[in-house]
Amino acid sequence: MTKAKANIIIIGGYGHVGKMVCTELSEMFPGKVFAAGRSLERATEFSQQSHGKIRPLQLNIHEPMDPSILEQAKLVIMCLDQDNTALVRACLRYGVHYMDITANADFLSQVEQCHQEARAYQATALLSVGLAPGLTNLLALQATQLMDRTDELNISLMLGMGDRHGQAALEWTVDQIHADLEVIEQGRPVTRKSFTDGKVADFGAGVGRHRAYRFPFSDQQTLPRTLKVPTVSTRLCFDSRLTTWLLAGLRTIGVSGLLRQQTVRDAVVRSFGKVHIGGNAVAVKVDARGILNGKETKVQCRLRGHHQSELTAKASVFAALALYRSELPYGIFHMEQVFSWNRMRVWLGQQVSVDIQVNGQQA
């Protein structure tokens, strides 16, 4: 490995999003970026494709990490789901900054409990990084900043069925279709069913109106705490209205429970990966309701772009650079606690179009 406290370890670095993050960071820090995972063969193949700018590293997240790796690492980026915080806490103890691109609300809540530990070891862990959570969090922050008080946030996400999605993302999405989720309504936790309670969201020019359904993205559990909003919900739809309608219908009649059977679940994951009946567009809509100057106010924030994975990777590199340069305070934070939407907007540049309105007027 290279000099002390200079390396960037990307766990899941040869996966779909991990590859993009590795590639962009390796252009800035050639030879210091490591694509890590269980398969040394896949990591080595990826390294060779990068002509050595990215280096391979064999690593199993279910086993204790070699201290020599952490002694020379400055940043660890996690692209895989975990069951416990052992790896995160190991990073913190060695003063290694940590970033998580996953969306498991229960796990992220566990990591939050390590805040004092991170401060003691002068390390920063950044959560809710990517598209949803991530860009959705920052758009929600922007909406709340345009009002004196925010009473409710409704977040809607539309994904393109024709886009390329990583295997892990496909598996996670299919697994959540029949899940129960906890949301915060009027400051209290309430259990709802995934892919129910549809609401129409107008994503604006080129995308239009789609009915989106409840989905267990972690932002709706984080934002009530970080932004002090009493009611938050996040919904999902696809650019193929037929696909969205079918999934909602299967949930309604109870057939979606078959997804708990491994063979059925695997077949659905494969079909999602092979069927490309839509485009590659991605859109986010944040509808916020609250008070401004004593009057009831509505704020709408729309974001439109293409290629979900590329947007996730772009947002992740933005956050990784801030961590690598040690620009953030020590502790555990979500994106909306340390960044502004305007700063991210500049970073994304022409990759997205954004429209923000307050009571129907451009903000």
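Trainee: Is Phe217 buried or exposed?
Mentor: Phe217 counts as buried, at 5% relative accessibility. Buried means under 20% relative accessible area, exposed over 50%, and partly exposed in between, with a 1.4 Å probe and protein chains only.

Trainee: What kind of model is this?
Mentor: The model is predicted: local features need pLDDT of at least 70, side-chain atom pairs count only at pLDDT 80 or more, and totals for chains, interfaces and linings use all residues. Residues are numbered from 1 along each chain as its sequence is written, and side-chain values use heavy atoms, with hydrogens and water left out.

Trainee: Back to the rings. How many aromatic pairs are there?
Mentor: The count is six aromatic pairs. Rings of Phe, Tyr and Trp (its six-membered ring) pair if their centres lie within 6.5 Å; planes under 30 degrees apart count as stacked, over 60 as edge-to-face and the rest as tilted.

Trainee: What about Phe195 and Phe215, then?
Mentor: That pair is edge-to-face, because the centres are 6.0 Å apart and the planes are at 90°. Phe195 is in the loop between strand S9 (188–193) and strand S10 (199–202). Phe215 is in the loop between strand S11 (209–214) and helix H9 (219–226). So the pair ties together parts that are 20 residues apart in sequence. Helices (H or I, at least four residues) and strands (E, at least two) are DSSP runs, numbered from the N terminus.

Trainee: New topic. Where does the charged end of Lys74 sit?
Mentor: The charged end of Lys74 sits over the ring of Tyr324, 5.2 Å from its centre. Lys19 does this with Phe46, at 5.6 Å from the ring centre. The rule asks for NZ of Lys or CZ of Arg within 6 Å of the ring centre and within 35 degrees of the ring normal.

Trainee: Now salt bridges. How many?
Mentor: The count is 15 salt bridges. Each is a side-chain nitrogen of Lys or Arg within 4 Å of a carboxyl oxygen of Asp or Glu.

Trainee: Which residue does Arg235 meet?
Mentor: Arg235 meets Asp197, at 2.9 Å, N to O. The pair links distant parts of the chain, 38 residues apart: Arg235 is in strand S12 (residues 231–238) and Asp197 is in the loop between S9 and S10. Arg235 is buried at 2% relative accessibility, whereas Asp197 is partly exposed at 39%.

Trainee: What network do they belong to?
Mentor: Salt bridges link Glu185, Arg192, Asp197, Arg214 and Arg235 in a network.

Trainee: What does Asp355 bridge to?
Mentor: Asp355 bridges to Arg302, with the closest N and O atoms 2.9 Å apart. Asp355 is in strand S16 (residues 352–358) and Arg302 in strand S14 (residues 295–306), 53 residues apart. Asp355 is buried at 13% relative accessible area, and Arg302 is buried at 9%.

Trainee: Last one. Which residues touch the most other members of the largest nonpolar core?
Mentor: Leu25, Ile77, Met99 and Leu126 do, out of 77 residues. Helix H12 (residues 308–324) gives the largest share, 11 residues. A nonpolar core is a set of buried Ala, Val, Leu, Ile, Met, Phe, Trp, Tyr and Cys residues joined through side-chain atoms within 4.5 Å.
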